[in-house]
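Please walk me through this structure in plain terms.

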Amino acid sequence: MSAARKTDPTTSKTAARIDPVALEGLRHTIYTTLARRPKTGFADHELVDALAGKVARTPQRIRTARAELTKLGLVQLQGTTRPTPTGYQARVWVVA
């Protein structure tokens with residue numbers, strides 16, 4: 001959503017050049033995936049698993065796109081947590 005700064009590392013500058021249409025498609029895919037489970041939602045790790053093989057993006061980019069949707073007011077916290085594969089608790093997200 002924003003361009004890289006001059007002080008950003010090369011990896012951030014590369015990421016800032018991702019096609020905006022492709023990013024919008026990723027956000028749309030994430031939104032429609034979340035909409036399939038309007039009450040139970042997805043924790044970020046579940047969302048990454050649900051999109052495995054469907055989008056050519058890293059788990060970090062998927063989490064970032066979900067955060068962008070949250071900033072836009074399209075996604076919100078559901079109010080519960082679920083355990084991650086490593087046993088930590090992760091917040092659950094739903095369509096706003």
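In soluble globular proteins, nonpolar side chains tend to be buried together.

The model is a predicted one: local features need pLDDT of at least 70, side-chain atom pairs count only at pLDDT 80 or more, and totals for chains, interfaces and linings use all residues. Residues are numbered from 1 along each chain as its sequence is written, and side-chain values use heavy atoms, with hydrogens and water left out.

Leaving aside residues up to four places away in sequence, I62 touches L26, I30, L47, V48, L51, V55 and R57; a contact means heavy atoms within 4.5 Å.

Next comes the overall layout. The chain has 4 helices and 3 strands, arranged along the sequence in the pattern α-α-β-α-α-β-β. Helices (H or I, at least four residues) and strands (E, at least two) are DSSP runs, numbered from the N terminus. Of the contacts in the chain with a separation of 6 or more, 47% are between residues 24 or more positions apart. Of the 96 residues of the chain, 32% count as buried. Buried means under 20% relative accessible area, exposed means over 50%, and partly exposed lies in between (1.4 Å probe, protein chains only).

Strand 2 (residues 75–83) pairs with strand 3 in the antiparallel sense, over 6 bridges; two strands pair if DSSP finds at least two bridges between them. Within this pairing, L77 stands opposite W93 in strand 3. The hairpin has 5 residues between the strands, and G87 takes a positive phi near 95°.

Charged side chains give another set of links. The whole structure contains 5 salt bridges, a salt bridge being a side-chain nitrogen of Lys or Arg within 4 Å of a carboxyl oxygen of Asp or Glu. In one of them, E24 is joined to R27, with the closest N and O atoms 3.1 Å apart. Both E24 and R27 lie in helix 2, 3 residues apart, which is about one turn of the helix. E24 is partly exposed, with a relative accessible area of 45%, whereas R27 counts as buried at 10% relative accessibility. R27 also forms a salt bridge with E68, where the closest N and O atoms are 2.6 Å apart. Because R27 lies in helix 2 and E68 in helix 4, this pair ties together parts that are 41 residues apart in sequence. E68 in turn forms a salt bridge with R61, with a closest N to O distance of 3.3 Å. E68 counts as buried at 7% relative accessibility, and R61 is buried too, with a relative accessible area of 13%. Through shared partners, the salt bridges join E24, R27, R61 and E68 into one network.

The last stop is the surface. The chain exposes about 6200 Å², of which carbon and sulfur atoms supply 58%; accessible areas come from the Shrake-Rupley method with a 1.4 Å probe, and for residues only the protein chains shown count as cover. On the surface, Y31, L72 and L74 form a nonpolar patch with about 250 Å² of accessible area together. Patches are made of residues with over 30% relative accessible area and no salt bridge, with like charges joined within 9 Å and nonpolar side chains (Val, Leu, Ile, Met, Phe, Trp, Tyr) within 5 Å. Y31 lies in helix 2 (residues 20–35) and counts as partly exposed because its relative accessibility is 30%. Not counting residues up to four places away in sequence, Y31 touches L69, L74 and V95. The C-alpha atoms of Y31 and A96 are 9.9 Å apart, although 65 residues separate the two along the chain.
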